[in-house]
Amino acid sequence: EGLTLEYKSPMLDKLHPWARQQAEQAGYKTVGVYMGALGFGYHPEVLAKKNMPVPACWADLAKPEYKGEVQIANPHSSGTSYTTLATMVQLMGEDKAFDYLKALHKNINQYTKSGSAPIKAAARGETGIGIVFLHDVVTQIVEGFPVKAVAPCEGTGYEIGSMSIIK
């Protein structure tokens, strides 16, 4: 809509190919600065205390043994959760994705406003599992919390964080 300016950085050739491709496709009106993979994190002590197995796949999170132990953000307020919704549709097809999300809903103990809130709750032992971008799990690990990251076995979606110059 003409809201951003074209800018071709002299550092463009130092970026990853996916970032250069995005810039080119956008007519150099935006450029990717990071890529974040979607997944989930878990608190090993919480799961062990409740005799729950470590989840490895998206499908695991919908199993009855995880009832009340999963948090995810609300897709109305969170890009993380919207990416989760889009990922499920791309992995499973629309009908199966919504069937999965209905099954997952039975295990959700809270829909947070923030996309990173679920892993913060898991890090503090308030829930067993948080669906988030994996870099949010790493942040909690760096801060000293005993959470573990999982890249789901079925594959996953991702985001590209980008920047533009506003006209």
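Before I go on, some housekeeping. This is a predicted model, so to speak of local features we need pLDDT of at least 70, side-chain atom pairs count only at pLDDT 80 or more, and totals for chains, interfaces and linings use all residues. Residues are numbered from 1 along each chain as its sequence is written, and side-chain values use heavy atoms, with hydrogens and water left out.

Now the overall picture. The C-alpha trace spans about 55 × 40 × 25 Å along its principal axes. Of the 167 residues, 39% are buried. Buried here is under 20% relative accessible area, exposed is over 50%, and partly exposed is in between, with a 1.4 Å probe and protein chains only. The accessible surface of the protein comes to about 9,500 Å², and 55% of that belongs to carbon and sulfur atoms. That area comes from the Shrake-Rupley method with a 1.4 Å probe, and for residues only the protein chains shown count as cover.

What about contacts, meaning heavy atoms within 4.5 Å? If you take the contacts between residues at least 6 apart in sequence, 68% of them join residues at least 24 apart.

L3 sits in the segment before strand 1 (4-5). Its C-alpha atom and that of I166 are separated by 6.0 Å, though they are 163 residues apart along the chain. Leaving aside neighbours within four places in sequence, L3 is in contact with I165, I166 and K167. L3 counts as exposed because its relative accessible area is 57%.

Then there's I119, in helix 5 (residues 117-123). Buried or exposed, what is I119? I119 is buried, with a relative accessible area of 0%. I119 and G41 are 78 residues apart in sequence, yet 6.3 Å apart in space, C-alpha to C-alpha. Beyond four places in sequence, the contacts of I119 include G41, Y42, G130 and V132.

For contrast, take Y82 in helix 3 (residues 79-92). Y82 has 53% relative accessibility, so Y82 counts as exposed. Y82 and K167 are 85 residues apart in sequence, and their C-alpha atoms are 28 Å apart in space.

Next, have a look at the loop between helix 2 (44-49) and strand 3 (70-73), where we find E69. E69 counts as buried because its relative accessibility is 6%. Not counting residues up to four places away in sequence, E69 touches V46, K50, M52, N107, N109, T127, G128 and I129. G68 is in the loop between helix 2 and strand 3 as well, but G68 is partly exposed, with a relative accessible area of 31%. G68 and N109 are 41 residues apart along the chain, with 4.7 Å between their C-alpha atoms. Outside four places in sequence, G68 is in contact with K106, N107, N109 and T127.

That loop between helix 2 and strand 3 also holds N51. Most residues other than glycine have a negative phi. N51, not a glycine, has a positive phi of about 55°. N51 is exposed, at a relative accessible area of 70%. Y28 is another non-glycine with a positive phi, of about 60°. You'll find Y28 in the loop between helix 1 (17-25) and strand 2, and at 18% relative accessibility Y28 counts as buried.

Last stop, the largest pocket. How much space lies in the largest pocket? About 240 Å³. A pocket here is an open set of points on a 1 Å grid over the protein atoms alone, where a 1.4 Å probe fits, with protein on both sides within 12 Å along at least five of seven lines; lining residues have an atom within 4 Å of a point. The pocket is lined by 17 residues, and Y7, S9, T30, V31 and M163 lie nearest its centre. Strand 2 (residues 31-42) gives the largest share of the lining, 3 residues.

Key
Contact means heavy atoms within 4.5 Å. Grid points are joined across faces, edges and corners, and a volume is the space filled by probe spheres set on the points. Helices (H or I, at least four residues) and strands (E, at least two) are DSSP runs, numbered from the N terminus.
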